[in-house]
Amino acid sequence: MRRQLAGVGYRRELARWIASRPAEIGCLEITAEHFFDRDLGELRGLGRDYPLFVHGLGLSLGTPGPLDRATLDAYARVVAAADPLYCTEHVAFTRTQDVDLGHLNPVAPTLENLRIVADHAREVMDRCGTPMLLENIASHLLLKGTMPETEFLNRLCDAAGCGLLLDVANLYVNSRNHGYDALAWLDGLETKNVAQLHVVGYTRRDGRWHDAHAEPIQRELYDLAGELMRRAPLRGVIVERDANIPEPGELAAELRELEAVHAG
Amino acid sequence: MPADATTVLARLLADAGLRAELRRDPDALARTLDADPELLRGLDPSGLEAQAETLLEKRFHEAGKLLPLTMAGLGDDAKPLFRQHADRLWPHGHRRHAEDAAAFGRFLEERRLPRCRSELNRLRFALGPRRISLGLVRDAWVGGRPRPALQILYRRRGAVRSLALYLGF
């Protein structure tokens with residue numbers, strides 16, 4: 001039987017539902033930082049029940065200079081315990097020597113940043129012994145570079161030997177805030193590199209689109225996810241809710257809808 | 001050698017004063033930051049401001065998850081007060097959200113503003129090394145309302161657990 005493609009991000013509020021192994025959940029994504037201070041036995045248990053993806057938030061691959069040693073050590077411990085299909089991080093920076101901004105910020109698509117992110121991604125993969133996927137972020141700030149974002153991502157995959165985690169909501173939000181066509185953007189992307197999707201509803205506030213991870217998936221995002229399902233050799237599609245986390249029944253319905261989109 | 005673009009961008013995102021200076025005189029700011037003037041002239045101030053606002057929103061959201069009763073008690077004042085706190089401090093590391101929320105608690109205490117003591121106790125316990133802690137509080141959430149209670153905090157398998165023994169009648 002074909003394995004379910006869709007799954008959820010592991011959140012404490014969903015732990016009981018996830019532990020009951022509902023048929024709708026085909027895979028699970030755990031956030032590495034959530035387990036830095038926790039018993040990894042719980043993680044090994046999740047790994048027995050589901051194919052896992054380990055998702056990082058704080059490695060700050062786009063920061064020039066060495067990776068933060070303590071963060072990399074903790075991330076590698078979580079990856080070792082989870083034994084995931086892939087470990088993942090963002091094409092972004094979260095901190096510099098001066099300040100930890102705590103969340104994701106863009107790096108300009110330049111050759112210098114390509115080298116920095118690729119070197120860091122290779123270091124993470126060498127350390128963890130696990131293939132890595134890099135994720136596109138949403139940003140209100142569009143930075144000028146020396147190549148289109150899609151070319152940057154294509155070349156990054158080649159340079160680092162990694163794949164892509166394509167966040168559908170981030171792509172949609174950026175396309176609306178910066179006025180471009182999401183499907184045309186996808187045409188520039190080598191979708192053979194995309195192995196995982198993130199999907200969550202966008203939020204509209206103050207005249208802008210936001211990736212607040214707080215809304216049900218809208219129809220246009222299902223459509224965009226479906227386009228990627230047709231184009232990319234996906235291993236997992238994760239519903240990534242962090243706020244207003246709904247009852248399991250609502251999430252299960254979203255997972256079933258994603259499977260229906262996948263089935264065409 | 002000028003500061004790298006990521007370092008400059010981070011400083012701008014963390015400092016509303018620098019962003020205001022960028023709008024007034026990017027060349028002067030480039031000299032102040034030892035940055036490439038072309039880089040600063042190429043930045044979209046409204047996008048930069050929106051990105052900075054998003055960082056603040058995300059911090060506020062994370063703090064709210066750890067201090068829901070405190071935030072509810074502050075009502076509409078919660079976000080402006082958090083903004084005052086957040087402009088002065090950028091915690092770092094993977095425990096930054098908890099440290100941010102704990103620092104916001106200190107900010108409220110220093111100003112004698114409403115906060116939920118039992119919630120702050122739990123947060124501080126989580127950030128500390130102790131395995132168990134007992135204390136009397138007036139605002140343990142029992143039966144849907146704050147009540148005086150003996151608050152017991154302890155760790156099990158790395159996770160913080162709490163019990164409240166209600167002392168009322």
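User: Does A138(A) count as buried or exposed?
Analyst: This is a predicted model, so the call rests on computed positions. The cut-off for buried is 20 or more other C-beta atoms within 10 Å. A138(A) has 22 C-beta neighbours inside 10 Å, so A138(A) counts as buried.

User: Where in chain A is A138(A) found, and which residues is A138(A) in contact with beyond its neighbours within four places in sequence?
Analyst: A138(A) lies in a loop of chain A, between β7 (132-135) and α5 (149-160). Neighbours within four places in sequence are set aside here. The contacts of A138(A) are then N170(A), V173(A), N174(A) and D211(A).

User: What distance separates the C-alpha atoms of A138(A) and E29(A)?
Analyst: Along the chain, A138(A) and E29(A) are 109 residues apart.

User: What radius of gyration does chain A have, and why does it agree with a compact globule?
Analyst: Chain A holds nine helices and 12 strands. Its C-alpha atoms fill a box of roughly 45 × 40 × 35 Å along the principal axes. With 264 residues, a compact globule would have a radius of gyration near 18 Å; chain A agrees because it has 17 Å.

User: What is the radius of gyration of chain B?
Analyst: The box filled by the C-alpha atoms of chain B is roughly 70 × 35 × 25 Å, along the principal axes. A compact globule of 169 residues would come near 15 Å in radius of gyration. The value for chain B is 21 Å.

User: What pattern does chain B follow along the sequence?
Analyst: Chain B has nine helices and three strands. Read along the sequence, the pattern is α-α-α-α-α-α-α-α-α-β-β-β.

User: Among contacts between residues at least 6 apart in sequence, what percentage joins residues at least 24 apart in chain A and in chain B?
Analyst: Both values refer to contacts between residues at least 6 apart in sequence. In chain A, 76% of these join residues at least 24 apart. In chain B, the value is 42%.

User: Which residues touch the most other members of the largest nonpolar core, and which element gives the most to this core?
Analyst: The core has 96 residues, and V78(A), L156(A), V168(A), V199(A) and A225(A) touch the most other members. The element that gives the most, with seven residues, is helix α1 (residues 5-14) of chain B.

User: At what angle do the axes of α6 and α8 of chain A cross?
Analyst: α6(A) passes α8(A) in a right-handed crossing. The contact has eight nonpolar, no polar and one charged residues. The axes come within 10 Å, and the crossing angle is roughly 115 degrees.

User: Which element gives the most to the side of chain A that touches chain B?
Analyst: In the interface, 30 residues of chain A are in contact with 29 of chain B. By class, the chain A side has 11 nonpolar, 10 polar and nine charged residues. Elements giving two or more residues to it are α3 (69-82), β5 (93-95) and β6 (100-105) of chain A. The most, five residues, comes from β6(A).

Note on methods
Residues numbered from 1 in each chain as written. Chains lettered and ligands numbered in written order. Predicted model: local features only at pLDDT ≥ 70, side-chain atom pairs only at ≥ 80, totals over all residues. Helix = DSSP H or I, 4+ residues; strand = E, 2+ residues; numbered from the N terminus. Rg over C-alpha atoms; globule rule 2.2 N^0.38 Å. Contact = placed C-beta atoms within 7 Å. Core = buried A, V, L, I, M, F, W, Y, C linked by C-beta atoms within 7 Å. Buried ≥ 20, exposed ≤ 12 C-beta atoms within 10 Å, placed from the backbone. Axes fitted to C-alpha atoms, helices over the stretch in contact; angles between N-to-C directions. Left-handed = near helix turned anticlockwise from the far one by under 90°. Nonpolar A, V, L, I, M, F, W, Y, C, P; charged D, E, K, R; others polar.
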